[in-house]
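This note concerns the aromatic rings of the structure shown below. Please read its points alongside the model.

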Amino acid sequence: MLTFIARRLLFLPVVLIGVTLLIFVAMSLLSPYQLVSTYIKSPEELKNQSLDDLVRKYGLDQPVHVRYINWVKNLLKGDLGYSVSANMHVAEAIAKRFPATLELALFAIIPVVLGGIWLGTISAKHYNKPLDHFSRVFAIVGWSLPDFVFGLIVLMIFYGVFGWFPPGRLSMWADSIVLTGDFVRYTGMNTVDALLNKRLDIFWDAVRHLIAPVITLSYLWWAYLLRITRSSMLEVMNKDYVRTARAKGLTERVVMNRHVRRNALIPVATVSGSMVLGLLGGVVIVETVFDYKGIGLLTATGAQQLDYTLVLGTTLFYGLLLVLVNLVVDVLYAIIDPRVRLE
Amino acid sequence: MKAKVCSLVVLLLLLTLSVSVFAFDPETWVYVGGAGGPQTLDPAAAYDTASGEIIHYVYDNLFEYVGGDLDNIGPLLATEVPTVENGLMSEDGRTIRVPIRQGVKFHNGAELTAEDVKYSFLRGMLADPAGGPMWMFFEPLLGVQTMRDVIAMAGGPDDFVDISEVDPAILRKAYDLVDATMEVDGNDLIFHLANPYPPFINILTKGGSWASIVCKDWMIANGAWDGNPDTWPKWYDQALEEMTLYDKACGTGPFKLDTWDKSGAQVLLSRFDDYWRGPAALKNVVIKNIPEFATRLLMLRAGDADAIYVGQQDLPQVRTIPGVTVVEDLPQITNTVLFFSFTIPVEGNEDLVGSGKLDGNGIPSDFFADVNVRKAFAYAFDYEAYLNEVVLGAGQIPKGPFPQSLPYVNTEQEYFSHDLAKATEYFKQAFNGEVWEKGFKVGIVYNTGNDARKTALEILEFNIEQINPKFQVEVIGLEWATVLDKLRSSSLPVFVMGWLADFPDTHNFAVPFMHSTGTFAGYCGQGLIDLAKEQFDALIDAGIKATDPAEREKIYHELQRLYVEQAIAMPFMEATTHRVMRDWVQGFEYCPAYAANYDLYKISKVQQ
Amino acid sequence: MKKLLRNPLSMAGLIILLVFILVAVFAPWIAPVPDMYANNPNHDPYRVPRYGWGNTPQAPSKEHPMGLTHGKYDIFYGIVWGTRTAFKVGLIVTGVSCLVGIVIGSTSAYIGGKFDEVVMRFVDVFMSFPFLIAAIVITTILGRGLDKVIFALVLFRWTGYARLIRGNVLQVKQEEYVMAAKAGGVSHAKILIRHILPNTIFPVLIQASMNMGSIVVTASTLSFLGLGAPEGYADWGQMISFARNWILGTPDNPLAYWYTVVWPGLAIVLFVLSWNLIGDAFRDIMDPRIQG
């Protein structure tokens, strides 16, 4: 087990180099004047700037390998560079925006997983009966609806009509408290920090701003989880040991809870890992619609503006996250299912 | 178990709702703009409108446009506007004395002096960040464009990569040249211009964020240039984030900078109670950026936003909302122009020029160098349709390259119109009839994301293809980065761009559109550069030096006539703008020269 | 087969899919190219016709049964020809990425050891890219266009299949019948193809069917971000992202522009639904471990 983990971790730098190298290779396909558009973001900003001066100032005409080496050198010193699109150092940008997405993902995971499992269980229990059909269709509509459509509808109903859940992470009054001195930032997550600062009102305000995006995300992901749970449960439900349990005279409820569900949840657990990663990668559209400034939106904006410094930094970060999460999932999988041997 | 979970969830929901609902706050202002945000808050580097907006609230200039009227410049931090009549400006316009107001406080409590004013401009010029606005000082004061040019004037190289390469003696000489253009005399600042420059006062007027006045002592205390003639190179062309005023500010304006929350894309300001004109009505200001229109709209309807940015095409949705005021038909100093490249590189440009030859499958490199082709295109466009259907009437058809909101524009000039018969005639004359016979294929480009420009090109495509089935026009959308790259090599046969005035003077349009060293000459190929050198350069240089308004009018009218008669390009729209706000917003005043959307000093909120 | 027909949901899925297939095949007759373009030999039928230069959508009428969306594009035309686009993109992306994924994933799992580790790290590299970012980067470099979208989608989809089949192959590798075949001296290739793949491939196929639909959804996200097919191309994602600024309607009538959302939305939802139901039906039939 330990050697397995060690070997995986040793490969980590290889993965990260591969990822960043790919980006630099992509960058080499662009001309310096395409890259200078990071500094002149739109045609409206094009005045009589000398493009050559800008190219020279930011070193955009240097060959790619030179820039890669410089970047790696700086990285080893702990400097990820400055992001023009985010107006701050890359490390700072990630530190400020990632907690927002993390918070959203954590708050979303619970209803997604619970709701998905519940729906999946119902579907499996009532296999091929109307309830099964209904819950499947219900979930699939969520899966197939483009997220911005659903997001805007949620925003319209819960904010436009009812005025309950406004966009953004915090209300203005809470924001001004958080941004000015008194409030201490521990994690960057508004809910956690509010509790640690003993401000219950900010805590509830933060939760309130999470509800609409979480509703949107939940509905969008339920189908995914429902399907996995349902097919997994159906599989297990027909296994021999379940039949044995039934034959032994155990009640259906006990059979379901103790034997079926526990084993059926194995694939759910592994899938949750990739789901968390997906959520952490940043749900760009939800962040756009609800003005929830997380890392997804940060990276998407940076990519659109060709801010390679930022994209490199966030991809590096995300790559790190991915390898670690996959490692954890693989280890857990091996622990849970003894038939799988880690080689 | 399930019941317990459900009731817990409901309880939680109710708890969240219990906290703070919307309440009308007459002292807080929230503006939500679209995508984007400030790039820097340093007046010497900022050249985009989002940055200019924040600078407008935090700093003051020497002069302002009284009541937003471009023809009425009044004193602000100066006590008088220099003119020849009041003796503050010399007859030849080259020596200008500006008396500085006393008793004005900066945000840190220091008092404004003429020394601060000189420092503001001097440090800006010595820093001259690449791509910045400081050329507007170099041109009138020294007759050049950049600090690099000044170093060359002092005998140094103009192609150095790092300023440390240059001999310190030469750098000192360069410093002296710049220093000599501004002289502090008691409470006055005297400018010494290289040549007469009629719009110099406009450059210094509010709306020109680059002419904001900073506090010298505060700057030095915060790590800026200390005023020493030999140390200035250390601050030359720094990266934006290294400059002192990047995200900090100390001005004399009605609002102080509290925070620039970059990750939250918002800027927070608060009232400066010791503002020399008296404190503003608003106490807190929040300028946010949210790219999604629907979200902004909901915030406006809920009252969480006092005003928002609404794109032209979304305006019809907003007009009917109760409690919302829409102010329309606000004149701007801008135009949208269809440009032709006179010399198009053929290699590697097949998507746009096809075969590169006049054989019906492409266009040759000098296709648009033929004035008949240009005129044919200009008469094929349906100006009225664009104005009425795309821009929904918010604007007017141009009369030339200079927007009619500027002085010295000939509104009687005969201009292009939608006339397919004329267009056919010109096509038949083009390239001695070869164009008509063989036909052509060309790709015309807009930058993706811009609906209106795409539609303009589709209108052109539709009309041209009606004239002759051998004419093939393809409308192509390219990413802005690619457009910029292709512009540099003048590879776009036809492209649409706009120009927004820096300051309200015709010269500011004449140079980019018609001078051989102007922005668009560079993007329109060697053919235009040569033509400009031959026909326009001398006139433009004379126009900026002439102090007599009648003479200037003659010159700019002539330039306009030449431009239109030769169809150098096809200006097709001078759009007006609009503002969308809640009806409790009072005191809204508009000035076409201001970057700020709302002049917040004059705004108050009164619930209806 | 009988089971398929007995299940009402599977039947529904099959019928919906058949309708889409018919619409795709007969598109040129159902929504013919309008006269104004008919004479132009170079006209691309996938370009949705515009009936005006303005932007405000128009409600359904006799000439335009589904109405006009933002930019005055004809919704009916866009939906009909968009069916072809949906199939094209879905089939190519799923087909190619599935193939690549299966080949790489099963081989890697079968060979195991260091080879498997290296390949999996290679997979990790691809998965380290948040897909949207990669799509944006690719489009900026290569330009917009449906083929670039397909390329980007394939590039980042095969890893999912690879991982999935790898997991299954790892499990099945230990099963007795595989051990027996190995002991019997059967060649590796035959074992892989004849014994392992048939028992591991179903989850992949089911996943593929579910993905057929989700690809359309992803493509619409790309359209929303301004990537994907060029503006005005017949693509459901484009059609629905046109609705973006009109979803809120007017204050007195929030549903004023319902047709800009409903028609393309319905097309996407039904398409995904049909593939999902069919995928489920497949699983129900082919997996012998599940009985009614």
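1. A:Phe150 is buried, because its relative accessibility is 14%; buried means under 20% relative accessible area, exposed over 50% and partly exposed in between, with a 1.4 Å probe and protein chains only. A:Tyr219 is likewise buried, at 10%.

2. This is a predicted model, in which local features need pLDDT of at least 70, side-chain atom pairs count only at pLDDT 80 or more, and totals for chains, interfaces and linings use all residues. Side-chain values use heavy atoms, without hydrogens and water; residues are numbered from 1 along each chain as its sequence is written, while chains are lettered from A and ligands numbered from 1 in the order in which they are written.

3. B:Phe121 and B:Phe137 form a tilted aromatic pair, 4.9 Å centre to centre with 35° between the planes. Rings of Phe, Tyr and Trp (its six-membered ring) pair if their centres lie within 6.5 Å; planes under 30 degrees apart count as stacked, over 60 as edge-to-face and the rest as tilted. B:Phe121 is buried at 0% relative accessibility, and B:Phe137 is buried at 0%.

4. Over all chains, the search finds 77 aromatic pairs. In chain B, ring pairs link a cluster whose members include B:Phe340, B:Phe377, B:Trp436 and B:Phe471.

5. Which residue lies over the face of B:Trp499? A:Lys47 does, at 4.5 Å from the ring centre. A charge sits over a ring if NZ of Lys or CZ of Arg is within 6 Å of the ring centre and within 35 degrees of the ring normal. The charged end of B:Lys262 is placed over the ring of B:Trp260, 5.1 Å from its centre.
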